[in-house]
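This briefing covers helix packing, a pocket and some backbone features. Please have the sequence and the model open while reading.

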Amino acid sequence: MGIGWGGLCCVHRDGNRMQGGVSIGMGIGWRGLGCVHRDGNSLTPPPPECPSSSGKPNHADILLVNLQYVSEVEILSDRSDTPPPLASLNVSKLATKARTEKEEKLSQAYAISAGVSLEGQQLFQTIHKTIKDCKWQDKNIVVMEEVVIAPPYQVENCKGKEGSALSHVRKIVEKHFRDVESQKVLQQQRSQAPQPQKETPLSS
């Protein structure tokens, strides 16, 4: 089993059910057990030896490890038999998902560094779920290059050319803060609800 190559390493979270595997250590104190699968110069996912934590059939939990950050590799056992057929992997779909998540994390990091309020960050996330064309411009939220929402991010702070875009964004903002208030009221009611008292045995 060759490990001296660069790129990505495909390993299972669980190394107890594998036929041949490695122990991988990284400088951040993380260590993983699993089996490595490589097909020529490309990597393909291993068969579902470890059930998915989501409970979905024909799925497996897999970690992608960047070998540039691996500080230690120990071969625990090598498999001599012919491995089962490898499952297909939609690389394009995974790349799109990774790119989207990266953009969301960078956007969140920018908002925090710019001193955007928590209310503004939450509103941005709500809008972004519906409208992907949503970005930060200083502390303002810019939606579809048409609508600008300035602090404190209320309905009246939505500015733009009157039309369907502005109307749609205003409805999203209005619903967002209505849902936030509903959650506050619900949490307050739960906190004020009387707690059931435990029965104490009567003394004789």
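Predicted model: local features only at pLDDT ≥ 70, side-chain atom pairs only at ≥ 80, totals over all residues.

Residues are numbered from 1 along each chain as its sequence is written, and side-chain values use heavy atoms, with hydrogens and water left out. Helices (H or I, at least four residues) and strands (E, at least two) are DSSP runs numbered from the N terminus.

**α1 with α2**
- α1 and α2 pack at an angle of about 155°, with axes 11 Å apart (axes are lines fitted to C-alpha atoms, for helices over the stretch in contact, and angles run from 0 to 180 degrees between N-to-C directions).
- That angle makes α1 roughly antiparallel to α2 (over 145 degrees; under 35 is roughly parallel, 65 to 115 roughly perpendicular and the rest oblique).
- Glu 104, Ser 107, Gln 108, Ala 111 and Ile 112 of α1 make the contact with Gln 121, Phe 124, Gln 125 and His 128 of α2 (contact means heavy atoms within 4.5 Å).
- The residues of this contact divide into three nonpolar, five polar and one charged (Ala, Val, Leu, Ile, Met, Phe, Trp, Tyr, Cys and Pro count as nonpolar, Asp, Glu, Lys and Arg as charged, and the others, Gly among them, as polar).

**α2 with α3**
- α2 and helix α3 (residues 164-192) pack at an angle of about 125°, their axes 10 Å apart.
- The two helices α2 and α3 are therefore oblique to each other, and their crossing is right-handed.
- On the α2 side, the residues in contact are Glu 119, Gln 122, Leu 123, Thr 126, Ile 127 and Thr 130; on the α3 side they are His 168, Ile 172, Val 173, His 176 and Phe 177.
- By class, the contact of α2 with α3 has five nonpolar, five polar and one charged residues.

**Second largest pocket**
- The second largest pocket is lined by 18 residues, of which Glu 104, Ser 107, Phe 124, Gln 125 and His 128 lie nearest its centre (on a 1 Å grid over the protein atoms alone, a pocket is an open set of points where a 1.4 Å probe fits, with protein on both sides within 12 Å along at least five of seven lines; lining residues have an atom within 4 Å of a point).
- α1 gives the most to this lining, with eight residues.

**Backbone**
- The peptide bond from Pro 151 to Pro 152 is cis, with omega near 5°.
- Met 144 has a positive phi of about 55° although it is not a glycine.

Methods. Left-handed = near helix turned anticlockwise from the far one by under 90°.
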